[in-house]
Amino acid sequence: MSVSIIIPTFNGASRIGNCLDALVKQIIGHNAEILVVNDGSTDNVTDIVGGYPGVRLINQANRGPAAARNHGAKEAMGTIILFTDDDCVPMPDWLCSMMAAFDDPEVIGVKGAYFSTQTSLIARFVQSEYEDRYRLMAHLPSIDFVDTYSAGFRRDRFLAMKGYDTSFPVACAEDIELSYRMSERGWRMKFVPAAIVCHTHPDTFWRYMKKKYKFAFWRMLALRKNPKKTLKDSHTPQVMKLQLLFVPALLLAVCCDLVIGSRLLASALVCVAFLLSTFPFAGRTIRKDPIVGLLSPFLLAARSCTQLLGVTAGLISARHTPAKTATESHA
């Protein structure tokens, strides 16, 4: 099989070199090409990419990452297209691991995994979150959640779906939305935990909260376009959805306590119930990283608050956004 590796970039001069250094070594001996789609950058990313012989540079006016990936897919020569991000460093066996999954003719999409070597507490917590999701996906025969940081598709199927929905202006949830549409057609997608890319996670509390808000906000648009995935998908732990109710349940319980004046405070019961819901994740995490595991209930509570804000804002925004299909919004 021939393969095209597509990397969208916007002002990625400071980071794309590490990604390309890793990939140019992997395509040796393979029927493979690397395409970098410059999405209207204003830095010297074209000079950086130009220093890699054989890497194809495609320039376009700034239209967002979804449009950049779609542009790369149209220009690609391979029957398989792989995506990664300009801030990712694929591990030495990434290409082979991704391609091996396509030996099964029924597989039309493949998802790899994140890894981080960061030592900050928040980054370690984020990595634990991802690994907990990977645990859920590892034994599923098919998934419905392929993230662009390590994604692969049969090119003809990707183009048949009109690619990523360009109504998503930022790199968030457009990959989820495409996965949901493919899953709705009954197409098989596979998780390949050996296809690892190294990535830099948020390393401070506020950066993490900002990311969680952003993800929750844009997920609402993806779910509005694919409402059947609201109750369950292969990536999101069900307990996380229940934890979103923590804040409204706590506010209601406080009101009840003030009105009724019961000795058995309802607010205390809500807090205990939330704490119990965090124990499975904390227990799994503490075996690998005791400090992160012990602090995870507090971080999960903060995550729930931030995600609730993102979900609320996303729902309000989605109500005022026409639920166009990818065909209608494709550029």
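Because we are looking at a prediction, local features need pLDDT of at least 70 and side-chain atom pairs count only at pLDDT 80 or more, while totals for chains, interfaces and linings use all residues. Residues are numbered from 1 along each chain as its sequence is written, and side-chain values use heavy atoms, with hydrogens and water left out.

Let me start with the helix pair. Helix H5 (residues 121-137) and helix H8 (residues 205-225) pack at an angle of about 35°, their axes 9 Å apart; helices here are DSSP runs of H or I with at least four residues, numbered from the N terminus, and axes are lines fitted to C-alpha atoms over the stretch in contact, with angles from 0 to 180 degrees between N-to-C directions. On the H5 side the contact (heavy atoms within 4.5 Å) includes Phe-125 and Glu-129, and on the H8 side it includes Tyr-208 and Lys-211.

Now to the loop between H6 and H7, where Lys-162 lies and where Ala-173 is also found. Lys-162, although not a glycine, has a positive phi of about 65°, and the phi of Ala-173, likewise positive, is near 80°. Is Ala-173 buried or exposed? Ala-173 counts as buried because its relative accessibility is 3%, whereas Lys-162, at 37%, counts as partly exposed; buried means under 20% relative accessible area, exposed over 50%, and partly exposed in between, with a 1.4 Å probe and protein chains only.

Finally, Phe-298 is found in helix H12, and Phe-298 counts as exposed because its relative accessibility is 63%.

Terms used. Helices (H or I, at least four residues) and strands (E, at least two) are DSSP runs, numbered from the N terminus.
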